[in-house]
Amino acid sequence: LRSDHGLQGGPHPIDYATQIEHMHPFTAVIAPAKHPSLSIDTFALNQNRLATGFDIYHSMRYLMSASLNEDKDKSKLLFDYGIPRWSYNLLRQSIPLYRDCNKAKIPMQFCPCIDERSDMAPGFYVGHSEQFELRKYNLPLLDYDWNIQQFVAPTLPGRFVPKKQIKYDVALNRNVPSPVCNTSFLDHYIDTGMLEESWQLINNITTIYPGSDVSGGIFLYPRQAMLLVYLVQREVASKVPIGSRLETVKPFRVCETGFGSGHSAALFLSSAPNIELVSFDKFDRPYQSATFSALRSVYGKRLTRVVGDSCNTVKQYKKKCDFLHGSSLCKTDNIDLIAKSPAGATLTSTAMSSLTDKSVYFGKGAQWATLQKNGCIEDIVCFGEEKRKLSADLYLANGREQTISHQFCFARNTGNCGSERIVASKGQKVASKVQRLSKRRQWRTDDFCKSWMLKTPSIEAN
């Protein structure tokens, strides 16, 4: 038996006691004295503790679900998708006495714990009436902090609000060391604490949408992640004069197709403080808008997006890109990115199971093969990723656990194809209106880890 939040209109919400009751909706459960899967002792222990609707949902799902084991304990549910990991089974688990709103994921305006709220002053706008009054008086909307998954507590005018401290700082790495053959050395280039928290933030959001197509992410490819940071930092350092102040440094624009869950976006934005990332994606997966907003709250306006089919939006994009990462399902995104970048810009693409695939790299009619044949890219280097077990939960795994060992390449834009349209299917090239710019020095083999490198496939063989 569960009530709603009570009176939400008229003069009643002005009363402080009514507001406290609003945070404590009445809930009563009538349970049988004897039940093979129900512990009355545990259930009774959870009375008068900080329980939420998520805990009730968890408990109901437990009663309704089959178990993997046929014993009466039902130690592991057969169907546990959608049960929040922070919730408790009131019938089998004891809620800790020290549980707070942060751990219970209770929005701050509904938090009954006075020690967690910055303002317990009476508020007049609760429930549905709040939305009406917000529009009527143009009051500010509540901010949502995706790092802690809570609404930010409002404060009264004139009350001191301490400035939010930034835990991590994205530093400008001027002396970029050559990568060693060890992916654990990523922290030599960036503050991995910030990156790990960003990736955990993404995971917190995607787990709310079970069954969604989480196709993968750069976290699956530690070698590529490390080399991407190395390359982008080296490009940034080459453009920043010694002695420059950060506020005078020009933005370095990374263009990526395919936002996915946002892992690669967080990786690039953690690499240097002047990086701006533009992500081209349809943003039609249920978790994508939430993960984008979450990363935007961490990295600010340095993260932007262009919503729509990247097969069209990249061509229509008016700005130039300094660094390119093609990772969408569009069969022309790498070609279109090259047309949006100057000579010397680095082209990178998502790791594939083979470099002779017919979509991205060097298979017949593939994008990189077309770019190379038309003289659009040069200095091509390819690498093998380390073997990794893939969880069956990922869309990429097709519902079964498997081991992957993908491959990827880097290349430089020659500047020959900046304003032309290359037809990948026919390998034709339209007359260019752009003269080739002076290119930078070629990569040396000692710029990379030799044991990771692979031979670049010959396009003549395909």
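In this predicted model, Cys 181 has a relative accessibility of 49% and therefore counts as partly exposed. Cys 181 forms a disulfide with Cys 449, with 1.8 Å between the two sulfur atoms. The torsion about this S-S bond is about 110 degrees, so the link between Cys 181 and Cys 449 is right-handed. Distant parts of the chain are connected in this way: Cys 181 lies in the loop between β2 (150-151) and α6 (192-206), whereas Cys 449 belongs to the loop between β13 and β14, 268 residues apart. Cys 449 is buried, its relative accessible area being 2%.

The disulfide of Cys 181 and Cys 449 is one of 5 disulfides in the structure. Another joins Cys 376 to Cys 417, with an S to S distance of 1.9 Å. This link of Cys 376 and Cys 417 is left-handed, with -85 degrees about the S-S bond. Cys 376 is found in the loop between α12 (367-373) and β8, and Cys 417 in the loop between β11 (407-413) and β12 (422-423), so the bond ties together parts that are 41 residues apart in sequence. Both Cys 376 and Cys 417 are buried.

A further disulfide connects Cys 382 with Cys 409 at an S to S distance of 2.1 Å. Its torsion about the S-S bond is about 100 degrees, so the disulfide of Cys 382 and Cys 409 is right-handed. Because Cys 382 lies in strand β8 and Cys 409 in strand β11, the pair ties together parts that are 27 residues apart in sequence. Cys 382 is buried at 1% relative accessibility, and Cys 409 is buried with a relative accessible area of 0%.

Phe 383 is buried at 0% relative accessibility, and Phe 448 is buried at 4%. Phe 383 and Phe 448 belong to one aromatic cluster together with Tyr 189, Tyr 230, Phe 408 and Phe 410.

A charged side chain accompanies the other pair described above. Arg 305 lies over the face of Phe 283, at 4.8 Å from the ring centre. Arg 305 also lies over the face of Phe 292, at 4.5 Å from the ring centre.

Methods:
Residues numbered from 1 in each chain as written. Predicted model: local features only at pLDDT ≥ 70, side-chain atom pairs only at ≥ 80, totals over all residues. Heavy atoms only, no water. Buried < 20%, exposed > 50% of the residue type's maximum accessible area, 1.4 Å probe, protein only. Phe/Tyr/Trp six-rings, centres within 6.5 Å; stacked < 30°, edge-to-face > 60°. Lys NZ or Arg CZ within 6 Å of the ring centre and 35° of its normal. Disulfide = S-S within 2.5 Å. Helix = DSSP H or I, 4+ residues; strand = E, 2+ residues; numbered from the N terminus.
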